Amino acid sequence: MDLSKDRIKQLTNKLKNARTRLLVYNGFFGMLLMGMKFKLDDGCETIYTTVTHIGINPDFLGGCLDSELDFALMHELMHLVLKHPFRGSSDDKNYNLACDIVVNSNLLEASNGDAESITLFGEEQPHLASDGVEGNEYSVEEVYDMFDLSTGSCSDSDQSDDDSDRPTGDNSNNRGYDSEGESEGNCGDSSRGTFDDHSRWNAEKNRAMQEAMLNQKIMDAYEASKNRVAGSVPLYVERVVDELTNPTIDWREVLNNFVQNEITDYSFVPPDYRMQESHFIMPGFNDPDERIDKLLFMIDTSGSMTTEEITDCYSEIKGAIDQMDGKLTGYIGFFDADVKDVTPFDETTDISNIKPQGGGGTNFDVIFDYVRDEMEDDLPISIIVLTDGYADFPKEKEAMGIPVLWVINNKEVIPPWGKHVFLAGKKK
């Protein structure tokens with residue numbers, strides 16, 4: 001890439017100005033963009049995103065009007081918010097188009113139906129599913145399933161393979177795409193029906209770590225923007241955040257029983273009849289003043305745990321803290337064949353800074369080896385293991401008398417000892 005210093009400065013300022021506009025007028029996207037790096041990349045014909053940065057062709061950038069650049073940036077960020085890089089194959093042109101339809105339709109809705117908000121170089125971008133309904137009414141998978149897979153046809157919104165009408169490279173008079181031809185993984189391939197490059201999605205390594213990093217960026221942007229101005233957080237972002245944060249277990253109920261000996265203000269007279277069919281006899285809850293300290297949460301990050309399941313575990317731990325009104329402290333760690341890290345937490349914000357590690361086989365013994373070897377001077381009052389349970393369980397004596405709660409994300413595995421509760425998975 002042969003650009004003068006003045007040209008690089010000009011393009012960099014253009015990106016900075018776009019980020020400022022999004023901060024002012026689209027708070028959430030502006031905040032999310034603050035956590036991304038920009039890369040001028042002439043190896044891409046237009047624009048692409050990874051979890052860490054947005055790459056953009058200098059000619060494409062220079063040819064964009066401010067409104068078009070804002071759309072292109074929000075388009076890339078929406079792919080991340082909706083987890084498109086982790087849900088399908090970017091080698092499939094129909095999947096690529098389905099992603100763009102859903103993204104564009106959501107952005108169109110956020111702009112109150114203003115078609116100019118999803119227009120790029122004079123062309124309104126596809127936003128309708130094959131049945132003519134707005135793409136935001138469906139999931140990406142549902143839009144994808146509507147395509148005619150037997151013929152490979154995307155939909156009527158497919159562009160022609162003829163590039164003769166495509167705007168050519170950026171100079172003082174022209175606006176548009178780089179005219180120097182297509183590179184490997186180029187993002188202007190009209191046969192895919194997309195204007196951006198999705199091929200970089202499949203290049204990500206350690207996808208579980210990448211998605212966990214993305215979840216944290218989404219949550220940070222949400223927290224920073226939700227109180228700025230009304231409408232800073234679009235409804236579809238609220239739905240995504242809800243999936244990331246809402247637990248499926250009533251932790252007040254479970255923990256009140258599980259660590260009842262640590263809290264004085266409980267009573268089994270009367271019991272909580274809402275839980276009469278559960279594995280527990282629940283005490284009534286009288287909002288105790290005492291804290292529950294030194295719980296050890298261990299999250300299974302072995303290869304059998306999907307990124308969605310690990311996210312659900314995060315949601316449960318955050319939910320436990322929230323539901324206990326700040327009266328819960330302890331440690332969170334990760335394990336597969338080894339314990340990767342154990343970090344103390346006092347509140348939800350601490351959880352947000354803890355990153356998952358792992359990806360190997362599952363060995364429950366390592367949890368109790370770690371407690372015995374590394375925590376002997378300050379043992380946890382109880383151990384809560386969030387897992388799919390697909391491993392050999394150790395002997396109960398390995399827990400050294402510490403109460404253990406197994407949180408299982410399926411109903412196929414029942415631990416041979418300790419208490420357990422089932423965690424219903426969430427569909428993205």
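## Loop residues with positive phi

F121 lies in the loop between β4 (119-120) and β5. The model is predicted: local features need pLDDT of at least 70, side-chain atom pairs count only at pLDDT 80 or more, and totals for chains, interfaces and linings use all residues. Residues are numbered from 1 along each chain as its sequence is written, and side-chain values use heavy atoms, with hydrogens and water left out. Helices (H or I, at least four residues) and strands (E, at least two) are DSSP runs, numbered from the N terminus.

F121 is not a glycine, yet its phi is positive, about 50°. F121 counts as buried because its relative accessibility is 12%. Buried means under 20% relative accessible area, exposed over 50%, and partly exposed in between (1.4 Å probe, protein chains only).

K83 is another non-glycine residue with a positive phi, near 60°. K83 sits in the loop between α4 and α5. At 5% relative accessibility, K83 is also buried.

## Q125 in its loop

Q125 belongs to the loop between β5 (123-124) and α6 (140-146). Its relative accessible area is 4%, so Q125 is buried. A polar atom of the Q125 side chain lies 3.0 Å from the backbone oxygen of E123. That is a polar contact: a pair of N or O atoms within 3.5 Å; within protein, one must be able to donate a hydrogen and the other to accept it, and residues adjacent in sequence count only if both atoms are side-chain atoms.

Neighbours within four places in sequence aside, Q125 is in contact with F71, N104, I118, L120 and F195. Contact means heavy atoms within 4.5 Å.

3 strands make an open sheet of mixed pairing, in the order β1-β3-β2. β1 (37-40) and β2 (47-49) are the edge strands, each pairing on one side only. Neighbouring strands here are turned by 20° against each other on average, direction ignored. Two strands pair if DSSP finds at least two bridges between them.

β2 pairs with β3 (residues 53-56) in the antiparallel sense, over 3 bridges. I47 has I56 in β3 as its bridge partner. Helix α4 (residues 66-81) lies across β1, β2 and β3, at about 30° to β2. Axes are lines fitted to C-alpha atoms, for helices over the stretch in contact, and angles run from 0 to 180 degrees between N-to-C directions.

## Helix α5

Helix α5 (residues 93-110) has 18 residues. From first C-alpha to last, α5 reaches 26 Å, close to the 26 Å expected at 1.5 Å a residue. The expected span is 1.5 Å times one less than the number of residues. The rest of the structure largely encloses α5, because 15 of its 18 residues are buried.

Both ends have a local feature. At the start of α5, a side-chain oxygen of D92 comes to within 2.9 Å of the backbone nitrogen of N94. After α5 comes N112, with a positive phi near 60°.

## Nonpolar cores

The largest nonpolar core holds 56 residues. F28, F29 and L107 have the most contacts inside it. A nonpolar core is a set of buried Ala, Val, Leu, Ile, Met, Phe, Trp, Tyr and Cys residues joined through side-chain atoms within 4.5 Å. Not counting residues up to four places away in sequence, F29 touches L22, M74, L77, M78, L107, P234 and Y236. Another core, of 24 residues, lies apart from this one; I292, I299, M324 and I381 are among its members.

Strand β9 (residues 328-335) is mostly covered, with 8 of its 8 residues buried. β8 (residues 292-300) pairs with β9 in the parallel sense over 7 bridges. Here L296 stands opposite Y331 in β9.

β9 also runs antiparallel to β10 (residues 339-345), joined to it by 6 bridges. G330 stands opposite F345 in β10. A hairpin of 3 residues links β9 to β10.

Strand β12 (residues 404-408) is largely enclosed by the rest of the structure, because 5 of its 5 residues are buried. Both its faces are covered. V404, W406 and I408 are buried on one side, L405 and V407 on the other. In a regular strand, side chains alternate between the two faces of the sheet.

β11 (residues 382-387) pairs with β12 in the parallel sense over 5 bridges. I383 stands opposite V404 in β12. β12 and β13 (residues 419-422) also pair in the parallel sense, over 4 bridges. V407 stands opposite V421 in β13.
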